[in-house]
Structures are given as C-alpha cells and as structure tokens.
Amino acid sequence: MSAVDTAAEPGTGRAPRRGRRGKGEGQRQSVAGWLFVTPTLVVLGLFLVIPIVMALWVSFTDWNGRGSPFSSRVNLVGAQNYAALLTEQGLSRQDFMISLRNTFYYVIGVVPLQTLLALTLAIIVNQRFLKGRTFFRTAFYFPSVVSSVAISLVFLFLFTGTGAVNKFLSIFGIDGPTWFSDPRGLIHLVGDWLGLWSSGSPPAALENTQVMSLSLWEWFSGPSVAMSAIMLQVVWTTAGTFMLMFIAGLQDLPTEVEEAAMVDGANKWQRFRAVTLPHLRPTILLVITLGVIGTWQVFDQMYVMTKGGPAKTTLTPAYLSYSAAFTQNQWGQGAAIAFLLFMLIFVLTSIQRYWLRDKDVAAQRKAERAQRRAAKRGVTA
Amino acid sequence: MNRTRRTATLAVVLGGALLVSACGGGGFKDESTSTAPASAKGPAALKMLIASSGDAETNAVKAAADAWAKKTGNTVEVTVASDMNQQLAQGFASGSPADVFYMDASRFADNAKNGSLYAYADQVSDNNDFYEPLRKTFIYDGKQYCIPKDFSTLALQINTDSWKKAGLTDADVPTTWDQLEAVSKKLTTKDQVGLGIGVGIDRLGAFIVQNGGWWLNADGTAPTASTPEVTQALEWVQKNVKAGNFKMSNQLDSGWGGEAFGTGKAAMAVEGNWIKGAMKNDYPKVNYKTVELPAGPKGKGTLQFTQCWGVAADSKAQAQAVDLVKSLSTVDQQMKFADAFGVMPSRQSAADQYKSKFPEDAPFIAGGEYGHGPINAAGMEQVVADLNSKLESFGGANIPQVLKNFDTNASAALGK
Amino acid sequence: MSQPASDARVTQADRARAAIETETLLVRPASGDGGSVVARSSPMKKVAVYAALLVFALIYIYPFVVQLSTSFKTNQDAVSNPLALIPDPITTAAFHRIAQTDFPLWFMNSVIVTVCVTLGRVFLDSLAGYSLARLKYRGRDAVFTAILAVMAVPGIVLLIPKFLVLNSLGMYNTYSALIVPLLVDAAGVFIMKQFFESIPASVEEAARIDGAGTFRIFWSIVLPMARPAVITLTILSFQGSWNELAHFIIATDKPALFTLTRGVGQLTSGGLGSGKQFPISMAAALLMTIPTALVFIAFQRYFTQGANAGAEKG
C-alpha cells in the first residue's frame with residue numbers, strides 16, 4: 001500500500017487527514033456516509049424525536065382531541081396538567097398515585113424474582129453433567145419469543161377461579177382466589193393472616209392519614225392478587241432472556257480461577273460467593289437495569305387482560321397515559337403522564353447506575369476520557 | 001462532545017417540528033359549525049360502528065344496513081367495536097370517525113360538548129314519537145342532537161327450577177325489599193346464591209332509585225350521593241352481601257350478573273333486556289322467568305338505559321348518514337330489532353305492537369314508567385369510573401366514605 | 001480479586017454494547033466450562049439438579065401443552081376439567097369458529113408488516129451501521145450520539161405523540177402507519193455498527209484500491225461477511241414486528257388493518273360475544289404462536305445470540 005500525501009490541500013482549508021486517501025475519495029465517503037445514514041435519521045427523527053417534541057407541546061395545552069393541536073383555538077395552560085397530576089387534590093392525582101403505587105410493587109416484585117430465576121436456571125442448565133442441555137435452554141427461552149398477547153390469553157385461562165392453577169392448589173388444600181377479579185392487596189392479606197389487623201376495618205391511623213390523595217392504608221396495600229398473577233406471568237416470560245445472559249457470563253469464567261479457589265480449600269458455596277458472583281456482577285447489573293427499565297413501562301398485559309382493573313389495582317402509568325388520552329380525551333394529561341414516566345425511569349436508572357458503579361473503574365474511565373480530550377485538542381489544528 | 005453542534009441539531013429538529021405542524025395538520029380537521037349536512041357526491045361509503053351484545057344483534061344491524069344500502073345505492077360497512085369508547089375517541093381524534101355509531105347516554109354529553117356530534121334531530125319530522133324522557137337524555141345545551149334507538153330497563157330474573165326446589169310458589173314473588181331478602185335467603189344453597197348482582201352503579205343504582213335517592217340532583221348540577229336515601233339503599237344491599245344471600249358477580253367469578261345466572265351460580269339476577277339473547281344463545285338449558293324489581297321503601301324503581309344513533313360532525317356524508325338513521329328507526333325496523341335481540345322500541349307508536357308480541361317482557365316495559373336514566377352530565381366519566389372501582393369490593397367497602405369521595409369529585413367535575 | 005478484563009459498563013446507552021460483548025462471548029468457543037469446574041459431582045447434587053430441572057421444565061412446558069389441548073376441547077370441557085390434557089370429546093369447533101372471524105386477514109396483515117419491517121430493518125440498519133462504522137465524515141459522532149440517546153427513550157412514552165405525528169402526516173389508518181415507523185430501530189443500527197467495526201478493514205481497502213464504489217463495497221463485500229449479525233438482526237426484527245402491539249393500537253383503528261396481536265387481543269374483551277370462550281382464545285393463541293415456533297426452531301442458534309443483543313421485553 002503506498003501512502004498518499006497527508007499534507008493539507010492548498011485552498012481547501014481542511015485539516016490534514018491521517019488517512020491514505022485523496023480529496024475525491026474523502027468527498028465520496030462523506031456523501032455516501034450521509035446518504036447511508038439519512039433514511040435512519042429521517043425515520044428516527046420523524047417517529048421518535050418529533051413525537052417527543054410534539055408530546056411536550058401537547059402536555060402544556062388543553063387540547064381535547066379535535067382539530068389540530070397547533071391550531072389557535074388550543075390554549076396553552078402552562079403546567080396545569082402537571083399540577084393536576086402532582087400537586088392538586090383530585091381524581092387525576094389519585095389515579096396517577098395509584099398507578100405509581102401499583103407499578104412500584106410490580107417492579108420490586110418482578111425484578112428480583114426474574115433475576116433470581118434467570119440465575120438459577122442458568123446455573124442449572126450450565127451443569128456439565130447435564131444431558132439435553134440445548135433442549136432445556138430452548139424450553140426456558142421460548143416464552144420470551146412468543147407474543148405477549150398469546151401468553152396473556154393462556155394465563156387468563158390458567159388463572160380463572162376454577163382454572164388449572166386453583167385446581168392444582170386445591171391438591172394442597174389451598175382455596176385459590178379468583179385471581180384476576182381479586183383486588184385485595186397482598187400486604188393487607190398477610191397482615192390479616194398474621195393477625196396484625198383486619199382488612200374489613202383497617203386501623204384508623206393508617207386509613208385516615210392522606211398522603212398525595214391516597215390514604216396510608218392504600219399505599220401499604222402491596223400488589224393486588226390480580227397484579228400478582230400478572231407478575232408471575234411476566235417473571236415466567238422474561239426469565240429466559242436473562243438466563244441466556246447469565247449463561248454467557250458463566251461460560252466466560254476462566255476455569256483456572258475456579259481451580260485456584262478449589263486448591264485454596266474453598267467449598268462450593270464459598271467459591272460461588274467469592275468467585276462466580278463477582279465475575280457475574282456486570283451481568284447482574286445489566287439484568288437489573290434492563291429489568292427496571294422494562295417493568296416501569298409495562299403496558300401490553302394490562303391492555304389485553306385487565307384494562308387497569310380490578311378496582312384500579314393493575315393501573316400503570318403507561319396504561320393510564322394511554323387511557324387518559326384515548327378513552328377520556330384528556331390528551332394534555334396523557335402526554336404529561338408519559339413525560340413524568342420518562343423522567344422517573346431516567347432518574348431511577350441514573351441512581352441505580354451511580355449506586356452500583358464500580359468506583360475503581362469509574363475513576364479509570366474518567367482518566368481515560370480526560371486523556372482522550374487532551375489528545376483531541378492536540379490534534380485539531 | 002461538540003456543544004454547538006448539538007444545539008444546532010436541536011434547533012433543526014424543533015424547526016422541523018414546527019414546519020410539520022404548520023404545513024401539515026393534514027389529518028386534523030377543523031371543527032365545523034355549520035348545521036347543513038355535508039353530502040357525499042355520488043354513492044356514499046358509510047362506516048358504522050356498533051357495540052354488539054352478540055351475533056344476533058350484529059346480524060340484525062347488518063341486515064338492516066344492507067337493505068338501506070341496496071335501496072339507495074350506497075354502501076355501509078358495519079364494524080363491531082371491542083372497546084366502544086376507545087374506538088370512538090380514536091376515531092374522533094384522527095378526524096376520520098365512523099359516520100354512524102351507537103352513542104351511549106352516559107357518554108353523550110362529553111361528546112356533544114366536544115363538538116364531535118352532528119345535531120340532526122331537527123331534521124327528523126316525527127321526532128315527537130319518541131318517548132320524551134329518552135329524547136331529553138340527548139339534549140345538550142338546549143339542542144337535541146340525536147334520536148334514541150331503543151331502551152332497556154332492569155328487572156328481576158328468577159330461575160324457576162331453583163324456585164320450585166326451594167318450595168316457593170307464584171305468591172312468593174317478592175314485591176318489597178323484605179320479601180326479596182327473605183326469598184333470597186330461602187334460595188341460597190351451598191352451590192347457589194339467592195341473588196347475583198353485577199358490579200357497579202349500573203345495577204346498584206336500581207336500589208338507590210327504589211329508596212328515592214339519586215347520585216345527582218334533578219338538573220344534574222350538583223351531587224347528592226351523601227344523602228340518607230343513597231346511603232341506606234347501598235348499606236341494605238351490603239348487609240345482604242355480608243350475610244351471604246346476595247353476591248356480586250365478581251364474587252361468583254363471573255363477568256356480569258347474566259353469566260352468574262346462566263351458569264347456575266345465582267338463583268336470581270338483576271339484569272336488563274339483553275339477558276334474553278344471552279340466555280337463548282349461551283345458556284339455553286336454564287328455565288327462568290322475569291318479574292318487575294321489588295319496590296323499595298319509597299316505591300318502585302329501576303334503571304333505564306338508552307343509546308342514540310350518533311352521526312359524526314366530521315362525517316363527509318352526513319345527509320346520507322341521517323337518511324340511514326331514519327330508515328333504521330322506523331316502527332317496522334325497531335320491531336325487527338326487538339325480535340332479534342330483545343331491546344324495546346323507543347317509539348311510542350310501537351309500544352302496543354311490542355306489548356302484544358312479547359307479553360313476557362311486560363316487566364321490562366313497565367320499568368319504562370318509573371325507571372331513572374344514567375348520569376349523563378358532561379365531565380363525569382372519570383368520577384363514575386372511580387366510584388365503580390371503589391364499589392368493586394362491595395362487601396367490604398366503606399359506603400359513607402365512598403359516597404363522600406364521589407360528592408367531592410363530582411362537585412369538582414361539574415363545577416368546571 | 002481482580003475484575004476480568006471484559007467487564008461490561010452499564011449506562012443507559014451502553015447497555016446494548018455490554019450485551020454485544022456477551023453476544024460475542026456466546027459466539028466464541030467457551031473457555032472451558034466456567035462455573036462448574038472439575039469432573040466429580042456428587043450423586044446427591046445430580047439428583048437435586050435433575051429434580052429442579054424437572055420442576056422448571058414442567059412449569060415452562062405445561063402452559064403450552066394446555067394451550068394445545070384446550071384448543072381441541074369444547075368450552076364446557078375446558079371449564080370443568082382445566083387440568084386434563086386429553087380433550088373429551090375432541091373437537092375442532094374452535095378452529096372453525098376462528099376461520100369465520102377475520103383471523104386470516106389478521107394473519108395476512110401480520111405477515112405483510114413483518115416481512116416489510118424485517119427487510120427494511122436489515123437493509124437500513126446495515127446501511128446506517130456501515131456508515132457509522134467505516135465511512136468518515138463530519139458529524140458522524142453527533143449522529144451516533146443522537147442514535148444512542150434515542151435508544152434511551154422508553155417506547156411507551158411515544159404512544160400518544162406517534163399517533164399525533166401519524167395523523168399530521170396523513171398516514172393514519174394506512175399500511176404505511178403500521179410499517180414505516182418500525183422500519184428503523186436504533187438498537188439494530190448499534191448492533192450492525194459494532195459488528196462492522198470488528199471486521200478487518202483490509203478487504204475493503206483492497207476493493208477500494210481496485211476502484212469499487214462505496215455502495216458496491218458495502219453490498220457485495222462487507223454485508224456478506226456480516227452474515228451472523230444480519231441473521232441476528234433478522235430474528236430480532238421478526239420478533240419485534242410479529243409481536244408488536246402498542247404501536248399497532250395507535251397506528252390504526254380500521255379493522256381491515258388489524259394484525260394478529262390486535263385482532264386476537266380483542267378476543268379477550270368479548271370480541272366474540274359475551275361470555276368467555278376459552279377453546280377459541282386458546283386456538284387463536286396457538287395459531288399465532290406457530291409461526292414464531294417454526295422460525296425459532298429453524299434459527300435457534302441465532303435466537304439465543306440475538307437475545308443478548310439488546311432485545312428486551314417488559
């Protein structure tokens with residue numbers, strides 16, 4: 001390969017390129033580069049960027065769904081939609097808080113469960129002596145691939161009052177609830193069972209204290225029975241995807257490290273804790289982050305199975321945003337809810353990243369970034 | 001990362017957004033204020049959206065629409081909605097809604113206020129033939145928008161086999177609350193509850209009317225839920241639910257009262273005309289009869305439900321749509337619908353025909369005289385949805401608290 | 001304990017990159033069998049593992065078996081004997097009923113949309129990925145950052161605004177509304193870019209010296225070398241568009257444009273009359289899942305790779 005001159009072409013004002021190509025080639029690449037990437041930019045811009053801007057606009061108006069949202073008849077109401085959701089006592093705030101409460105319990109239930117289940121399945125499937133490993137890996141992963149609509153239909157059937165799950169529970173003498181029609185909260189039920197309180201006449205202190213349009217008793221309800229059924233379904237569906245990530249992580253563990261630990265006299269449990277888990281740390285982080293992001297956006301199951309019921313206990317911000325706009329014609333509020341959800345997810349994942357960050361690595365990255373910046377400044381003329 | 005480049009990109013994007021909105025807005029229609037009907041040139045292709053109770057209703061409506069289409073040379077495409085409110089709302093928002101659709105009384109005021117409906121009632125020459133209370137339901141801001149298509153009322157269904165097995169006779173048919181309570185206790189067995197009631201105010205409201213109360217005052221401007229009449233009525237039902245001789249449909253693992261009744265989980269049910277079709281199609285083996293709901297402390301009471309033929313303000317073929325509606329509202333056509341899926345004609349001139357053809361529906365028709373229509377004030381949908389959700393666990397609900405919440409929310413909604 | 005060199009950094013935008021690294025780990029032959037060292041496993045342990053395996057396998061396979069058998073039952077049989085795996089009597093009534101609905105139409109719509117979206121994504125994502133990986137031009141970094149940023153936006157936030165945009169553009173209630181917004185996905189661009197960066201540049205250099213145009217190089221030389229990534233992208237696109245629901249809800253309300261997810265989804269809300277007809281919904285779910293199962297079995301290897309390439313289901 002012969003090197004072509006790298007000096008700047010007179011009169012072009014362009015910085016000398018380190019490449020081995022001449023001016024014409026650079027231009028061709030530039031044109032081709034932009035050409036290749038333009039369809040992507042157009043589609044993403046039209047259907048991702050502009051919608052965000054448009055939604056932001058609508059969330060500050062009182063548009064009722066008829067006519068263009070940019071017409072002169074539509075009034076700018078400032079932060080009124082947001083105020084109705086966050087600061088003003090009323091139905092909108094109550095519904096929004098209910099959706100946050102429901103999804104909060106949903107997230108803290110689903111994420112640990114699906115991470116644990118995925119890790120367990122990965123460890124089991126990864127055992128060297130196992131025969132038919134591919135078959136089992138496939139079986140555990142298959143639900144992730146199937147449409148949520150199809151799975152919802154199956155689970156609706158399995159969880160009816162006289163369905164398969166309850167028939168199975170009756171073998172153990174447990175009288176199963178009418179899952180998807182049961183709005184009772186799990187924490188309330190456990191308290192009943194332990195004798196802490198009685199759901200029929202809740203402790204006055206809890207019931208009469210109102211925080212953000214909901215009583216403390218309602219805040220501490222836990223997920224409802226209906227929501228729990230959906231949680232079980234989602235954990236069952238998504239564990240397979242994360243199982244694959246864990247398998248990849250497990251298989252990457254160098255055998256020498258484990259052998260060294262064995263030679264050092266560590267038993268199986270100690271090996272797992274001191275060697276395997278730290279090695280899997282980045283994967284666990286990834287699984288939890290993806291889990292949090294995904295669970296806060298849950299929508300399909302609510303749309304297909306429960307429509308927010310029973311008694312609003314499966315209402316989530318995503319579904320609330322959709323129904324406020326599409327069924328109640330409150331488009332401004334629907335858009336505002338969507339943005340609040342966006343902010344929430346962003347803040348949560350940032351906090352989580354910060355908490356669980358590896359301090360050494362973070363410092364290293366900072367140093368590298370500073371180096372790169374300095375290098376770049378040195379190069380550009 | 002180059003800051004100026006990023007701000008430049010952002011500016012371009014925002015500029016693009018404004019550009020799209022300025023020259024676009026292609027899909028959004030401006031609200032029309034003229035009352036002259038828009039008319040399609042040449043043969044019109046009308047879209048009709050209905051909420052069907054089953055195949056019987058769907059086929060009847062399709063047949064009627066096809067007949068009109070053949071006569072006039074237009075076409076009608078009938079669609080059955082799976083979620084009527086959502087599909088209507090999405091249609092209105094996109095500017096291309098169905099031309100003709102079922103408009104439920106409870107959603108009417110919101111849509112009229114929104115400008116989504118075309119008022120054509122003044123073009124119907126025999127408008128006075130429709131029952132006045134029904135017509136009044138569809139008046140907003142002094143103008144009647146549409147004509148009622150039919151109406152139904154709630155009555156009491158009794159499983160005659162269970163009735164006989166409990167040793168009851170015709171003389172025992174309940175006409176007061178106390179009798180209803182006693183009879184339901186006799187009918188309650190290990191596998192079957194005496195009375196099954198659907199969840200929500202669309203059933204519980206009947207008891208409230210029987211006790212002389214209602215959710216709103218007479219002109220629908222203020223809530224009246226925290227009154228003794230309403231509270232006592234609901235607490236009476238709750239007492240029986242706690243005692244076990246009444247059960248709500250969600251306690252019976254059923255989607256509605258009719259399902260509990262048809263699957264034998266309840267010996268009696270409180271349902272409307274539509275139960276006839278459901279029983280015939282889905283639960284043909286159940287023998288039952290219908291009687292009027294028993295009277296409460298303040299007299300007889302029941303709920304009335306009605307829908308009108310809505311025509312969209314955004315329809316491009318309003319004249320044809322109104323013509324279709326007129327043809328669907330003749331006495332003959334109303335009787336055909338009554339035949340097919342058990343609704344009652346909204347025309348007074350059809351009353352006698354109906355009574356003689358369906359004597360067993362006398363209890364439903366009687367309800368037309370003392371029935372109360374639904375809450376149809378504008379802006380109440382969220383409030384009613386919240387009330388219904390709080391009444392879902394009816395056995396354990398704190399009734400005075402729930403009613404107080406309703407009043408607060410309703411005042412806020414009505415005050416706007 | 002020192003961290004292994006290939007630890008993944010987790011940021012909102014980096015998550016896919018980390019996933020790519022795990023993907024390449026699957027492709028590379030595993031370095032021994034990390035995680036379960038050294039031959040001898042006690043028989044107790046084996047029994048425990050097999051027992052656990054059996055329980056989980058049952059939990060995972062049973063729902064599909066129920067789906068299969070219930071679709072051949074009568075409604076009464078389904079309701080009274082939900083656990084029974086053999087229908088009594090066996091009937092295909094559910095399938096007949098489905099054939100009478102618009103199911104074939106929904107199926108066709110799903111096929112149309114999926115084929116178009118998959119082809120579009122494979123082509124456009126590779127184009128963009130190649131541009132970002134190999135072609136040099138001003139603003140390239142900005143474009144890449146913009147695409148990364150876009151990946152961070154939760155999809156659900158876009159439901160309402162996408163409806164508004166589709167309406168403004170006059171695309172609402174057309175096939176383009178179903179297809180065009182899905183034609184490009186940021187994660188796919190990212191995957192292709194990562195892969196192209198891992199291909200040695202020497203082959204392209206040779207072609208360029210020989211005078212081949214940029215598109216020729218991309219189409220005839222580089223793309224064929226990217227087969228694994230392209231197949232992964234195909235699988236992901238198929239999965240994404242066949243199973244998509246929320247976007248189709250807001251893209252249209254015309255029944256003639258319903259896809260399988262939308263059409264079958266409304267079966268639960270009494271689309272076939274009041275009363276739950278379980279054999280019908282099970283049969284519909286079954287028919288919906290069969291194409292997915294077929295594609296899955298055929299491309300199994302690539303599916304499991306694709307799982308680690310950033311696909312996420314709530």
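**Entry 1: a loop and a patch in chain C**

I began at C:Leu85, which lies in the loop between helix H3 (75–80) and helix H4 (93–100) of chain C. I kept in mind that this is a predicted model. Is C:Leu85 buried, partly exposed or exposed? I found a relative accessibility of 38%, so C:Leu85 counts as partly exposed. Next I looked up its patch.

**Entry 2: strands of chain B**

I turned to strand E1 (residues 45–50) of chain B. How many bridges join E1(B) to strand E2 (residues 75–80) of chain B? I noted 6 bridges, and the two strands run parallel. For B:Leu46, I found the bridge partner B:Val76 in E2(B). I then traced the chain from E1(B) through helix H2 (residues 55–72) of chain B to E2(B). This β-α-β crossover is right-handed.

E1(B) also pairs with strand E3 (residues 100–104) of chain B. Here I noted 2 bridges, in the parallel sense. B:Leu49 has its bridge partner, B:Phe101, in E3(B).

I moved on to salt bridges. Side chains of opposite charge can pair when their charged atoms come close.

I picked B:Arg107. It is buried, because its relative accessible area is 9% and the cut-off for buried is under 20%. Which residue forms a salt bridge with B:Arg107 at 2.9 Å? I found B:Asp110. B:Arg107 and B:Asp110 are 3 residues apart in helix H4 (residues 105–114) of chain B, so about one helical turn separates them.

B:Arg107 also meets B:Glu381 in a salt bridge, at 2.7 Å from N to O. This pair links distant parts of the chain: B:Arg107 sits in helix H4 of chain B, and B:Glu381 sits in helix H16 (residues 381–390) of chain B, 274 residues apart. B:Glu381 is partly exposed, at 22% relative accessible area.

**Entry 3: a pair in chain C**

I looked up C:Asp185 and C:Arg121. Their salt bridge has its closest N and O atoms 3.7 Å apart. C:Asp185 lies in the loop between helix H8 (175–179) and helix H9 (186–197) of chain C, and C:Arg121 lies in helix H5 (residues 103–134) of chain C, so the pair ties together parts 64 residues apart in sequence. I noted C:Asp185 as buried, at 19%. C:Arg121 is buried too, at 11%.

**Entry 4: a network**

Last, I checked a network of salt bridges. It links A:Asp95, A:Lys312, B:Asp386 and B:Lys390.

Note on methods:
Residues numbered from 1 in each chain as written. Chains lettered and ligands numbered in written order. Predicted model: local features only at pLDDT ≥ 70, side-chain atom pairs only at ≥ 80, totals over all residues. Heavy atoms only, no water. Pairing = 2+ DSSP bridges. Helix = DSSP H or I, 4+ residues; strand = E, 2+ residues; numbered from the N terminus. Right-handed = clockwise from strand over helix to strand, strands pointing away. Buried < 20%, exposed > 50% of the residue type's maximum accessible area, 1.4 Å probe, protein only. Salt bridge = Lys/Arg side-chain N within 4 Å of Asp/Glu carboxyl O.
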